[in-house]
Amino acid sequence: MTSPTTSNAVADDVLVIGLVSVSDRASGGVYEDKGIPALNDWLASALTTPYRIETRLIPDERAAIEATLIELVDTARCHLVLTTGGTGPSRRDVTPEATLAVATKEMPGFGEQMRQISLRFVPTAILSRQTAVIRETADHAALIMNLPGQPKSIKETLEGLKDDAGATIVGGIFAAVPYCIDLIGGPYMETNPAVSQTFRPKSALRKTP
């Protein structure tokens with residue numbers, strides 16, 4: 001298990017991950033946010049690469065979400081940004097719209113797989129509008145993914161589902177994340193295979209100390 005680094009230095013060879021919880025009530029102090037702690041815990045169990053975390057807790061306001069995503073990628077230079085909340089069909093759920101607005105490329109396969117996982121549990125998973133995109137600047141790029149709001153669903157979509165013997169039933173989306181980060185020029189990420197087995201083509205594998 002690798003804990004986040006505490007360095008404030010911003011360098012493209014250090015993995016930087018942004019965590020954004022989108023919630024009117026949590027950002028207003030009505031109740032405690034559970035999305036960012038759930039993401040923190042999962043990443044600590046899954047990543048074996050040192051990393052630094054940037055966290056943001058914001059309301060369901062499209063302009064605020066767009067500004068936060070732009071700041072995390074362009075200024076904080078995150079390589080991966082995970083959002084939680086705001087992906088349903090209600091009027092206040094605008095996270096996908098904000099995410100698409102700051103994107104240079106859409107990555108629809110991530111959302112498709114998240115819904116496939118959630119449909120194993122509830123038919124209302126088809127109401128989810130989770131998506132993923134790439135945001136590119138002149139010298140940097142990041143993968144932004146919209147995740148569910150519930151800690152249990154966050155874990156399931158990232159990690160996938162396994163049977164009692166440990167065999168994979170449905171693959172989690174995070175298995176494809178490290179190679180995606182490779183392809184957009186980010187740091188080489190490695191994971192704990194007991195939590196999330198990274199997939200890369202043989203030609204993309206590196207020997208690490």
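## Helix packing and a few loop residues

In this predicted model, helix α2 passes α6 in a right-handed crossing. On the α2 side, the contact is made by Gly-35, Ala-38, Leu-39 and Trp-42, and α6 brings in Pro-151, Ile-154, Lys-155, Leu-158 and Glu-159. As for geometry, the axes of α2 (residues 35-46) and α6 (residues 151-159) come within 9 Å and cross at roughly 35 degrees.

Let's stay with α6 for a moment. Its buried residues are Ile-154, Glu-156, Thr-157, Leu-158 and Glu-159. What covers them? The cover for the buried residues of α6 includes α2, β3, α5, β6 (141-147) and β7 (160-162).

Most residues other than glycine have a negative phi. You'll find Arg-77 in the loop between α3 (62-75) and β3 (80-84).

Now for a loop residue on the surface. Leu-127 sits between α5 (108-118) and β5 (132-136). Together with Leu-119 and Ile-126, Leu-127 forms a nonpolar surface patch, with about 280 Å² of accessible area for the three together.

| Residue | Relative accessible area | Class |
|---|---|---|
| Arg-77 | 17% | buried |
| Leu-127 | 46% | partly exposed |

Why does Arg-77 count as buried? Buried means under 20% relative accessible area, and Arg-77 is at 17%, so it falls in that class.

Definitions and conventions. Residues numbered from 1 in each chain as written. Predicted model: local features only at pLDDT ≥ 70, side-chain atom pairs only at ≥ 80, totals over all residues. Heavy atoms only, no water. Patch = residues over 30% accessible without salt bridge, like charges linked within 9 Å, V, L, I, M, F, W, Y side chains within 5 Å. Areas by Shrake-Rupley, 256 points an atom, 1.4 Å probe, with all protein chains shown as cover. Salt bridge = Lys/Arg side-chain N within 4 Å of Asp/Glu carboxyl O. Helix = DSSP H or I, 4+ residues; strand = E, 2+ residues; numbered from the N terminus. Buried < 20%, exposed > 50% of the residue type's maximum accessible area, 1.4 Å probe, protein only. Axes fitted to C-alpha atoms, helices over the stretch in contact; angles between N-to-C directions. Left-handed = near helix turned anticlockwise from the far one by under 90°. Contact = heavy atoms within 4.5 Å.
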